[in-house]
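Dear colleague,

Please find the structure below, handed over for your records. My notes on what was found follow directly after it.

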Amino acid sequence: VAGALDSLAIGGLGTFSRVALGDWRVPQIQLRGDFEPGTLPLVWLDASADSVAYGEMGFGAAHGSIRGRTDSLAWFGRSRIGDLSEVVAGGRYLVDSADRTLDVDSMAVLLPGGVWFLEAPATVRLGDSVLDVHPVALQRVNGPGRLEMSGRLPLAGEDSALIKLTGFPLAGVFALLQRDTLGVSGAVSTDVAIHGSRRDPI
């Protein structure tokens, strides 16, 4: 704790074990952070965990951070996905009277057979019942391949979204699903239109 009584700043660090939240399980997580109150509080938080489980899926070397005022937070995250894939991304989380927006400024995804980078900054608007995804496009660096997603993903009610895959490695699909990739080869090219609700997509 530091500062005058009318402008206290609170900081701390700690390690928490056997954390569980719904289907999430974290054997051990390390947290460090600071909080400065105000009209728009200043926040800084770092979180790291060697392993994280969600149901039957496992993630490793996970790290995330947020920094800034509560209406404009810079964020960063990275994690292994199973044994063969990894993702790293960063951007900003913006809040105003009408909108909550998640800006993704950069992203890289490592999959069997190559690395995929975000073609251009992307935006996701967070509503009470829907995620409005402006085109998010990933391009393979060391060969042909592209993934694009756009549309409105329903959190409640119904909406629609479109996913376009061109030359996406089948081994990459298996790796993201944390399935055995031995003997898996080939690529997927398809357009997938999703309609309906989250619980009953079409």
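Leucine 102 stands opposite valine 124 in S9, a strand that covers residues 122–126 and runs antiparallel to S7, joined to it by four bridges. Strands are here DSSP runs of E with at least two residues, helices are runs of H or I with at least four, and both are numbered from the N terminus. Two strands count as paired if DSSP finds at least two bridges between them.

The model is a predicted one, in which local features need pLDDT of at least 70 and side-chain atom pairs count only at pLDDT 80 or more, while totals for chains, interfaces and linings use all residues. Residues are numbered from 1 along each chain as its sequence is written, and side-chain values use heavy atoms, with hydrogens and water left out.

S7 also pairs with other strands. With S6 it pairs in the antiparallel sense over ten bridges, and the two strands form a hairpin with four residues between them. In this pairing, arginine 92 stands opposite aspartate 103 in S7. With S8 (residues 114–118), S7 runs antiparallel and is joined by four bridges; leucine 110 has valine 115 in S8 as its bridge partner. The hairpin of S7 and S8 has two residues between the strands, and glycine 113 takes a positive phi near 95° there.

Arginine 140, found in strand S10, touches Gly113, Gly114, Val115, Trp116 and Gly145, with residues up to four places away in sequence not counted. A contact means heavy atoms within 4.5 Å. The C-alpha atoms of arginine 140 and arginine 25 are separated by 32 Å, and the two residues are 115 apart along the chain.

As to the chain overall, its secondary structure comes to one helix and 13 strands, in the order β-β-β-β-β-β-β-β-β-β-β-β-α-β along the sequence. Its C-alpha atoms fill a box of roughly 65 × 35 × 35 Å, taken along the principal axes. Of the 202 residues, 27% are buried, that is, under 20% relative accessible area with a 1.4 Å probe and protein chains only. Among contacts with a separation of 6 or more, 32% join residues 24 or more positions apart.

The largest pocket holds about 1,300 Å³ of space. Of the 30 residues that line this pocket, Ile81, Val87, Met107, Met149 and Leu176 are the closest to its centre. Elements that give two or more residues to its lining include S6 (85–95), S7 (100–111) and helix H1 (170–176). The lining divides into 27 nonpolar, two polar and one charged residues; Ala, Val, Leu, Ile, Met, Phe, Trp, Tyr, Cys and Pro count as nonpolar, Asp, Glu, Lys and Arg as charged, and the others, Gly among them, as polar.

The second largest pocket has a volume of about 290 Å³. Its lining has 17 residues, and the closest to its centre are Val52, Ala62, His63, Gly64 and Arg78. S4 gives the most to this lining, with six residues. By class, the lining has eleven nonpolar, five polar and one charged residues.

On a 1 Å grid over the protein atoms alone, a pocket is an open set of points where a 1.4 Å probe fits, with protein on both sides within 12 Å along at least five of seven lines, and lining residues have an atom within 4 Å of a point. Grid points are joined across faces, edges and corners, and a volume is the space filled by probe spheres set on the points.

Yours sincerely

How values were computed:
Buried < 20%, exposed > 50% of the residue type's maximum accessible area, 1.4 Å probe, protein only.
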